[in-house]
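Work through the exercises below with the sequence and the model at hand. Each task is followed by its solution.

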Amino acid sequence: MGSRKCGGCLSCLLIPLALWSIIVNILLYFPNGQVSYAASNKLTNYVWYFEGICFSGVMMLMVAVVLLVLDNESRYKCCQSENCTKKYMTMLSIIFSALGIAFSGYSLVISALGLLQGPYCRTLDGWEYAFEDTSGRFLTDSSMWSQCLEPTHVVEWNVILFSILIALSGLQVIVCLVRISIQLSKILCGTYSVIIQPGII
């Protein structure tokens with residue numbers, strides 16, 4: 001019972017994390033709240049991978065809903081014995097938690113790449129990725145940020161939002177890993193008793 005409540009709480013936690021991922025990813029399209037840069041496609045290319053909107057957002061919402069349904073396993077019966085049904089639900093829970101790790105892991109990697117690449121901005125040489133060849137050094141040297149003339153404060157905008165996306169995706173990965181460990185412990189540690197039918201032995 002305790003592990004079921006814990007699993008349900010973890011599944012519920014995925015929902016606000018997914019909703020925040022969607023919001024943060026949408027904000028990346030509008031530096032300083034301006035729509036003109038998205039309309040003229042003057043944004044970092046990693047924004048168009050929809051890592052926060054689709055993968056750690058909508059897809060994770062679907063995973064969370066499925067996991068919540070599976071956590072309420074007492075309403076469903078897929079085979080003759082209750083023990084069999086519980087094991088089947090546990091296996092499904094492990095599969096969907098693994099999918100959650102894949103979705104949030106994708107968002108984590110893409111967000112990290114977007115953070116390291118830096119924003120697409122206007123410099124004295126025109127529109128370019130001003131920090132693409134710095135291997136992320138610009139993240140610790142704020143004096144370099146002045147190279148981006150437009151959009152205003154776009155470096156801070158990208159650094160903050162991509163960092164939040166990385167944190168949200170990382171939390172989703174952790175939640176799904178914890179769920180998998182809980183479900184595996186049910187199977188490996190014998191939470192579900194083995195039922196032997198009369199006459200088999």
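A residue counts as buried when its relative accessible area is under 20%. The model used here is predicted.

**Exercise 1.** Classify F138 and F131 as buried or exposed.

Solution. Start with F138: its relative accessibility is 1%. This value is under the 20% limit, so F138 is buried. Next take F131, which has a relative accessible area of 0%. F131 is therefore buried too.

**Exercise 2.** Count the aromatic pairs, then determine how the rings of F131 and F138 are arranged.

Solution. Two rings pair if their centres lie within 6.5 Å. Under this rule there are nine aromatic pairs. For F131 and F138, the ring centres are 4.6 Å apart and the planes meet at 15°. Planes under 30 degrees apart count as stacked, so F131 and F138 form a stacked pair. Aromatic residues also group into a cluster made up of Y37, Y120, W127 and Y129.

**Exercise 3.** Describe the largest nonpolar core: which residues touch the most other members, and which elements give two or more residues?

Solution. The core has 25 residues. Those touching the most other members are L28, F131, F138, C148, V155 and F162. Two or more residues come from each of α1 (2–27), α2 (36–39), α4 (82–117) and α5 (154–188). The largest share, seven residues, is from α5.

Conventions
Residues numbered from 1 in each chain as written. Predicted model: local features only at pLDDT ≥ 70, side-chain atom pairs only at ≥ 80, totals over all residues. Heavy atoms only, no water. Phe/Tyr/Trp six-rings, centres within 6.5 Å; stacked < 30°, edge-to-face > 60°. Buried < 20%, exposed > 50% of the residue type's maximum accessible area, 1.4 Å probe, protein only. Core = buried A, V, L, I, M, F, W, Y, C linked by side-chain atoms within 4.5 Å. Helix = DSSP H or I, 4+ residues; strand = E, 2+ residues; numbered from the N terminus.
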